[in-house]
Amino acid sequence: MNWLSQLGEIILWLVQGIWLFYLVLPMILLLLHFLRGRKHRDTLRKYPVQYDRDFDFAAIVTAHQDTRFILPLIDSCQKQRYGNFTLYVVADDCPDFTLDVDDPRVVLLKPQKALHSKIKSIQLAVDSFRKEHDVMVIFDSDNLLHPSYFYYLNEYYRRGFMAVQTHMLSKNTSTVYAKLDSIGHIYNTFVERSSKMELGLSSSILGLGISLKTSLYHEVMYKDNLGGFDKKLQADVIRTIPQLAFAREAIVYDEKVDEGQALERQRTRWIHTYFKYFKINLALLAYGLKTFNFNKAFFGFTTLRPPLFLLVIISLIAAGIWY
């Protein structure tokens, strides 16, 4: 029985070590960020141009029972300094919505039967492509684009990347809840995206502003019928490509939640998503270790990190019990 006791102590210390690493990881990344200096933060200059051409983009907007922000989003697309794109607006369960926009680049898609699914709306847009686009980008209906969004995104694909997460900023910070939502996103953007990009590692994706080669989307999304758009897509993409990039310069603005109930629903959904895809992320860590690929192993390891508020709460409880 002595060896069982020793094994238990080893497992306990291992769990504590992993938990401590999750807690101090942001500080480690912040220290590396300042030690590397400003010249290492200009990611465009770090990577040489590989393709001397402009890419054709398919921008997919998914709207479900809410069309209030679609016209401003279309307007922000029409004001882009880079015009080689087609905008596919999927108005799911929006029977009274019409689109009076005189622009051949804007396509309205209204499914005859309500889909009630973001992944199905995306697939409808892909099936309705007017031509074979090089890259597809996914937005929510309440987003707005910076005028240079597609210009900078094109620059990343010219440098050989196959998938790029763009930089989401907040449209509104007028309420306490919107500010809290924005602060959490600023933290996650640094820890999960910009700091990793500076180190040459893969960045995490969001459910909006994610872009990838259309051929890559076909490859990773048709392997099975598992649900879950961004987390499942993320795991498949990370396995397939050398690096998922983060484009700090390509800015998309997002409407933040401004009510307590909406924030509660959002956090509840995040907790559910974490546990739902825990097995997939664990498999990604195992795949990285098996292939001796630090980038994929580290990505899988960091993706297993519990949501921040759970990490802090459990740490405080554990500290109280310990002392």
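Biologist: Which residues form one aromatic cluster?
Modeller: In this predicted model, local features need pLDDT of at least 70 and side-chain atom pairs count only at pLDDT 80 or more, while totals for chains, interfaces and linings use all residues. Residues are numbered from 1 along each chain as its sequence is written, and side-chain values use heavy atoms, with hydrogens and water left out. Rings of Phe, Tyr and Trp (its six-membered ring) pair if their centres lie within 6.5 Å; planes under 30 degrees apart count as stacked, over 60 as edge-to-face and the rest as tilted. One cluster is formed by Tyr-51, Phe-55, Phe-57, Tyr-82, Phe-85, Phe-139, Tyr-149, Phe-150 and Tyr-157.

Biologist: To how many aromatic pairs does the count come?
Modeller: A pair of aromatic rings is described by the distance of the centres and the angle of the planes. By this rule, the number of aromatic pairs is 17.

Biologist: Are the rings of Tyr-47 and Phe-161 stacked or edge-to-face?
Modeller: The ring centres of Tyr-47 and Phe-161 are 4.9 Å apart. Their planes stand at 70°, so the arrangement is edge-to-face.

Biologist: How many residues apart in sequence are the parts that Tyr-47 and Phe-161 tie together?
Modeller: Helices (H or I, at least four residues) and strands (E, at least two) are DSSP runs, numbered from the N terminus. Tyr-47 belongs to the loop between helix H2 (43–46) and S1, and Phe-161 to the loop between H5 and S6. The pair therefore ties together parts whose separation in sequence, in residues, is 114.

Biologist: Is Phe-161 buried or exposed?
Modeller: Buried means under 20% relative accessible area, exposed over 50%, and partly exposed in between (1.4 Å probe, protein chains only). The relative accessible area of Phe-161 is 7%, so this residue is buried.

Biologist: In which elements do Phe-57 and Tyr-157 lie?
Modeller: Phe-57 and Tyr-157 form an edge-to-face pair, 6.1 Å centre to centre with 70° between the planes. The pair ties together parts 100 residues apart in sequence, because Phe-57 and Tyr-157 lie respectively in strand S1 and helix H5.

Biologist: Which residues touch the most other members of the largest nonpolar core?
Modeller: A nonpolar core is a set of buried Ala, Val, Leu, Ile, Met, Phe, Trp, Tyr and Cys residues joined through side-chain atoms within 4.5 Å. This core has 39 residues. Those touching the most other members are Phe-57, Phe-139, Tyr-149 and Phe-150.

Biologist: Which elements give two or more residues to this core?
Modeller: In soluble globular proteins, nonpolar side chains tend to be buried together. Here the elements giving two or more residues are S1, helix H3 (70–78), S2, S4, H5, S6 and S8.

Biologist: What is the order of the strands in the open sheet?
Modeller: Two strands pair if DSSP finds at least two bridges between them. The open sheet has eight strands with mixed pairing, and their order is S3-S2-S1-S4-S7-S6-S8-S5.

Biologist: Which strands stand at the edges?
Modeller: Each edge strand has a single partner strand, so one side of each is left without a neighbour in the sheet. These are strand S3 (106–109) and strand S5 (144–145).

Biologist: In S7, which residue is the bridge partner of Val-137?
Modeller: S4 and S7 run antiparallel and are joined by four bridges. The partner of Val-137 in S7 is Ser-211.

Biologist: In S2, which residue is the bridge partner of His-64?
Modeller: S1 and S2 run parallel, joined by eight bridges. The partner of His-64 in S2 is Asp-92.

Biologist: Which residues point the other way from S2 than Phe-85, Leu-87, Val-89 and Ala-91?
Modeller: In a regular strand the side chains alternate between the two faces of the sheet. Eight of the eight residues of S2 are buried, so S2 is largely enclosed by the rest of the structure. Pointing the other way are Thr-86, Tyr-88, Val-90 and Asp-92.

Biologist: Which residue's backbone oxygen does the side chain of Ser-203 reach?
Modeller: Ser-203 is placed in the loop between H6 and S7 and, at 0% relative accessibility, counts as buried. A polar contact is a pair of N or O atoms within 3.5 Å; within protein, one must be able to donate a hydrogen and the other to accept it, and residues adjacent in sequence count only if both atoms are side-chain atoms. At 3.0 Å, the side chain of Ser-203 reaches the backbone oxygen of Arg-193.
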